[in-house]
Amino acid sequence: MDKFFHIVTYGCQMNVHESEKIAGILSEMGYKSCESPEEADIVVFNTCCIRENAENHAFGNIGMLKKLKAARKDMLIAVGGCLPQQMNKAENLHEKFPYVDIIFGTHNLHNLKGLIEKKLKMRKTLIEIEDSEGEICEDDKPLRTSYPNAWVNIMYGCNNFCSYCIVPYVRGRERSRDSRKIIEEVRSLVSEGYKEITLLGQNVNSYKGELTFPQLLKEIADIDGKFRLRFMTSHPKDFSPELIKVMAQNPKICHCLHLPVQSGSDAILKAMNRKYTAGQYLEKVEMLKKAIPDCAITTDLIVGFPGETDEDFKATLELAKKVNFASAFTFVYSKREGTVAAKMPNQVPEEVSKARIMELVELINSQTRALSQMYIGKTVEILCEDYDSKRGLYMGRDEYGRMGYFASQKNLIGQFVNVRIEHANGVSLTGEVV
């Protein structure tokens, strides 16, 4: 009889790719993927704890399985990822959801097969959280689900300790993969037909292998075949002239950069422990735009950080106007237990943060709409990624990350398509294949 798995993923691209690794482990064990928990013999929650909303969302969905688990006692429920890796969270999870069978952390994901086999021989909940990150596992065989895009981890962990961020505590210190293995993996993916490769790391441009990060990018860009190369997430303090030069010289590297600034206020940046000033950030942006005038820059912005004044917030608005971001992920500061910022005085009232986020979102949206309008009448190359059944249109992104929709009588998924843009609606474009 067939056995089925269902994975619920929260958070960043790193988690999306790690869910592919979980799927690979389960597939090798004989499980097949299914669309809902009701069909599954094992449900795995791959959690995120970067913000309170992600944590609450996970708790809500785990709670919804209580009745299903009572009716199907043989079904396994596993909770892994960043949430249980936090101090005392695994015990809290067990107390709150005693019907969860396996609780594991970020450092022992690769041992999931052994955990499942061990759990099947015991009745009580199996909790295994490794405190040390250990060696990088190079034996992963992910079941990739994002064709024609492929995620490739090049490093893990973070050494920056931004005062608001839980990542160093749940992902450990920075560890970089062997450059040769990364290049080998990408070459294999390109030969398999993947058309867009995204290199991943909590701080991707601090990669320290046998090659520097710019050198690694160049080596990958030199691989034969037509494909795009992206990377995320970059830290401004590590964004170098050498990296800009490599981006400018290699057409396979997308002219699109995610460079989180978080705030436009030097006082807040210092309190965040970001290790750069707003002026230094703008200097790097200017250097990038001089070398690559068409480069689309996206970012992360936080409002309501402890101690943020009206003047600090205005500085963020001014920086956003100067850079003219192609898009931005905007967040209200979320207090994370165990971080330095959680103990800071002058926490910003919720109503003030809400008003600020609305003003910031309107500014970013206006910039995005204006940039989208500039596409009308132009022909752009789009990598077709999927079919939107609701719209009855194929969809994909251009080099700059802008989503485009278009009609076609034949399946174009995985192909580069020239599309003449006829309409622009916020962040998305609609056009006709030419």
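# Rings, charges and overall shape

Trainee: What sits over the ring of Phe331?

Mentor: The charged end of Arg51, 3.4 Å from the ring centre. A charge counts as over a ring if NZ of Lys or CZ of Arg is within 6 Å of the ring centre and within 35 degrees of the ring normal. This is a predicted model, where local features need pLDDT of at least 70, side-chain atom pairs count only at pLDDT 80 or more, and totals for chains, interfaces and linings use all residues. Residues are numbered from 1 along each chain as its sequence is written, and side-chain values use heavy atoms, with hydrogens and water left out.

Trainee: And which residue lies over the face of Tyr31?

Mentor: Lys3, at 4.4 Å from the ring centre of Tyr31.

Trainee: How many aromatic pairs are there in the whole structure?

Mentor: The search finds 10. Rings of Phe, Tyr and Trp (its six-membered ring) pair if their centres lie within 6.5 Å; planes under 30 degrees apart are stacked, over 60 edge-to-face, and the rest tilted. One of the pairs is Tyr394 with Phe406, which is stacked, at 6.5 Å centre to centre and 20° between the planes.

Trainee: Which parts does that pair tie together?

Mentor: Tyr394 is in strand S16 (residues 393-397) and Phe406 in strand S17 (residues 403-406), so the pair links parts 12 residues apart in sequence. Strands (E, at least two residues) and helices (H or I, at least four) are DSSP runs, numbered from the N terminus.

Trainee: Is Tyr394 buried or exposed?

Mentor: Buried, at 9% relative accessibility. Phe406 is also buried, at 0%. The cut-offs are under 20% relative accessible area for buried, over 50% for exposed and partly exposed in between (1.4 Å probe, protein chains only).

Trainee: Which residues form an aromatic cluster?

Mentor: Phe59, Phe97 and Tyr99 form one.

Trainee: Changing topic, what does UniProt list for residues 373-434?

Mentor: An unreviewed entry there gives "domain: TRAM". UniProt positions are in the numbering used here, feature names are shortened, and annotations may be inferred rather than shown by experiment. Over residues 373-434 the chain is 56% strand and 2% helix, with the end C-alpha atoms 20 Å apart.

Trainee: And how many helices and strands in the protein chain?

Mentor: There are 14 helices and 19 strands. Of its 434 residues, 54% count as buried.

Trainee: What does the C-alpha trace span?

Mentor: About 60 × 60 × 45 Å along its principal axes.
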